[in-house]
Amino acid sequence: MDASRGVVLITGASAGLGEEMARQFAALGYDLALCARRVDRLEALRAELTGTRVSVKALDVTDDEAVFTVFREFAAEFGRIDRVIVNAGLGKGAPLGTGRPDANRDTARVNFLGALTQMEAACEIFRAQKRGHLVVVSSMSALRGMRKSMTTYAATKAGVAALAEGLRSERIPGVDVSVVYPGYIRSEMNAHVQQRTRFMVDTETGVRAMVAAIEKRRARAYVPAWPWVPIGVAMRVLPLSAVRRMV
């Protein structure tokens, strides 16, 4: 008899939030389908995660055909996919008009177009199964327009949240859709930030809050709840001049 609580597919699982989510979902008894560009990192993670079934595959989420192929292969291998976490992301960027359109395009390509393809592939599986849980990792920066190097990143995260809301409005039978808005959680993406950042928590603590919200299948979750729930409310109603001083 299959003792697993289900199968969780995580993209961008070779580092940061995705890697720690894999650890925590494995500890909860889930089987894991993990994909990322760096297969060596995935193999090391698989060796670490004993007591659960783990499959790993190479995936560049900007390769549309590969996304569908990998998701379908995971579904065939496990017999089902219960939850897909659209996590793979890129954090680089530059102020618009400063000579780095390549950085902004790369971020848009990975964070929005790549996420769109992942959501297409996940929903194809869920519609066929008539059940599933789609989780999209957005960002607190998605709540308002951000300045300078964050402008494009924040816009992509707002975009994927809007895609998820549209799916939730569609009310696909048997399919739940969640958007997680992490606050400041230490990860490989922001490891280069040297200065002390207010409200920054370590990876394990931040991901624990993410996993708890995902397990509850919340439609929308600001994590960790403190201080990001009240900050999220404030960000939505305050004038942009005030938001600029908050984040």
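**A look at the second largest pocket**

Reply: Happy to! Helix H5 supplies 5 residues to the lining of the second largest pocket, the largest share. Keep in mind that this is a predicted model. The pocket holds about 150 Å³ of space. Helix H5 (151–170) and strand E6 (175–182) are the elements that each give two or more residues to its lining. Among the lining residues are Ala 158, Ala 161, Ala 162, Glu 165, Arg 168, Val 179 and Tyr 181, along with Ala 219, Arg 220 and Arg 236. Sorted by class, the lining has 8 nonpolar and 4 charged residues, with no polar ones.

Lys 148 sits in the loop between strand E5 (132–137) and H5, and its phi is positive, about 55 degrees, although Lys 148 is not a glycine. Arg 171 is in the loop between H5 and E6, again with a positive phi, near 55 degrees. Most residues other than glycine have a negative phi. Lys 148 is exposed, at 56% relative accessible area, and Arg 171 is exposed too, at 70%.

One more backbone detail may interest you. The peptide bond from Val 223 to Pro 224 is cis, with omega near -15 degrees. Another cis bond joins Trp 226 and Pro 227, with omega about 10 degrees, and Pro 227 is found in H7.

Terms used
Residues are numbered from 1 along each chain as its sequence is written. This is a predicted model: local features need pLDDT of at least 70, side-chain atom pairs count only at pLDDT 80 or more; totals for chains, interfaces and linings use all residues. Side-chain values use heavy atoms; hydrogens and water are left out. On a 1 Å grid over the protein atoms alone, a cavity is a set of points where a 1.4 Å probe fits but cannot get out, and a pocket is an open set with protein on both sides within 12 Å along at least five of seven lines; lining residues have an atom within 4 Å of a point. Grid points are joined across faces, edges and corners, and a volume is the space filled by probe spheres set on the points. Helices (H or I, at least four residues) and strands (E, at least two) are DSSP runs, numbered from the N terminus. Ala, Val, Leu, Ile, Met, Phe, Trp, Tyr, Cys and Pro count as nonpolar, Asp, Glu, Lys and Arg as charged, and the others, Gly among them, as polar. Buried means under 20% relative accessible area, exposed over 50%, partly exposed in between (1.4 Å probe, protein chains only).
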